[in-house]
Amino acid sequence: MRLFPSNSSKGQSNGGSNRALLYLNVYDLTPINNYLYWFGIGIFHSGIEVHGLEYGFGAHEYPTSGVFEVEPRSCPGFIFRRSILLGSTNLSRSEFRSLMEQLSQKYHGDTYHLIAKNCNHFTNEVCMQLTGKPIPGWVNRLAQLGDKIVCFHFNVILYLIT
């Protein structure tokens, strides 16, 4: 795993084509996902695969980039579940790396939050910028549910103290 940005030019060519396929690689964080998955929820990590590399976002304690690159479908510490074709992009490898450098300024490791700013939020932002469509809802559904529960509890507390 390499933290981003790096000077690596590793990856595959798209054979001169103007379009590169964009995949969402989804990983299990826990074996219990084998059961939860069928109910449309789970605890997942995701990364974006394009131009022969996979990009993700992870936590660390420093105010530097939490964006990293790995070999596709082999993110350390996670169990690969599936790859989903999201579409394609006209961005060249260097243009895509520029986008990752731009996002790496926003996605610092010390800003990672399990509910509000996790790896799935990162991949969703990349997907929205490149295709105009979000990632599948089930990938980050547990964080969305957590956010609703936190908001509900906050509103109840506000009601009780006013």
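Colleague: What pattern does the protein follow along the sequence?

Modeller: Read along the sequence, it goes β-β-α-β-β-β-β-α-α-α. Helices (H or I, at least four residues) and strands (E, at least two) are DSSP runs, numbered from the N terminus. The model is predicted: local features need pLDDT of at least 70, side-chain atom pairs count only at pLDDT 80 or more, and totals for chains, interfaces and linings use all residues. Residues are numbered from 1 along each chain as its sequence is written, and side-chain values use heavy atoms, with hydrogens and water left out.

Colleague: How many of the residues count as buried?

Modeller: 40% of the 162 residues. Buried means under 20% relative accessible area, exposed over 50%, and partly exposed in between (1.4 Å probe, protein chains only).

Colleague: Which residues touch the most others in the largest nonpolar core?

Modeller: L24, F96, M100, F122 and V126, in a core of 26 residues. Such a core is a set of buried Ala, Val, Leu, Ile, Met, Phe, Trp, Tyr and Cys residues joined through side-chain atoms within 4.5 Å. At least two residues of this core come from each of β2, β3, β4, β6, α2 and α3.

Colleague: What does F96 touch?

Modeller: Leaving aside residues up to four places away in sequence, F96 touches I48, V50, H51, Y55, L91, V126 and L130. Contact means heavy atoms within 4.5 Å.

Colleague: H51 is in there. Where does H51 lie?

Modeller: In the loop between β3 and β4. H51 is buried, with a relative accessible area of 9%. A polar atom of its side chain lies 2.9 Å from the backbone oxygen of L91.

Colleague: Switching to α3. Which of its residues are buried?

Modeller: C119, N120, F122, T123, E125, V126, C127 and L130. Their cover includes strands β2, β3, β4, β5 and β6, plus helix α2. The helix itself runs over residues 119-131.

Colleague: What happens at its two ends?

Modeller: At the start of α3, a side-chain oxygen of N118 comes to within 2.7 Å of the backbone nitrogen of N120. Just after α3, G132 takes a positive phi of about 80°.

Colleague: And aromatics? How many pairs are there?

Modeller: Eleven aromatic pairs. Rings of Phe, Tyr and Trp (its six-membered ring) pair if their centres lie within 6.5 Å; planes under 30 degrees apart count as stacked, over 60 as edge-to-face and the rest as tilted. One of the pairs is Y27 with F80, edge-to-face, at 5.7 Å centre to centre and 75° between the planes. Y27 is in strand β2 and F80 in strand β6, 53 residues apart.

Colleague: Is Y27 buried or exposed?

Modeller: Y27 counts as buried, at 1% relative accessibility. F80 counts as partly exposed, at 32%.

Colleague: Which charged end sits over the ring of Y37?

Modeller: That of R81, 4.1 Å from the ring centre. The test is NZ of Lys or CZ of Arg within 6 Å of the ring centre and within 35 degrees of the ring normal. The charged end of R73 sits over the ring of Y23, 5.7 Å from its centre.

Definitions and conventions:
Expected span 1.5 Å × (residues − 1). Polar contact = N/O pair within 3.5 Å; in protein donor to acceptor, adjacent residues only side chain to side chain.
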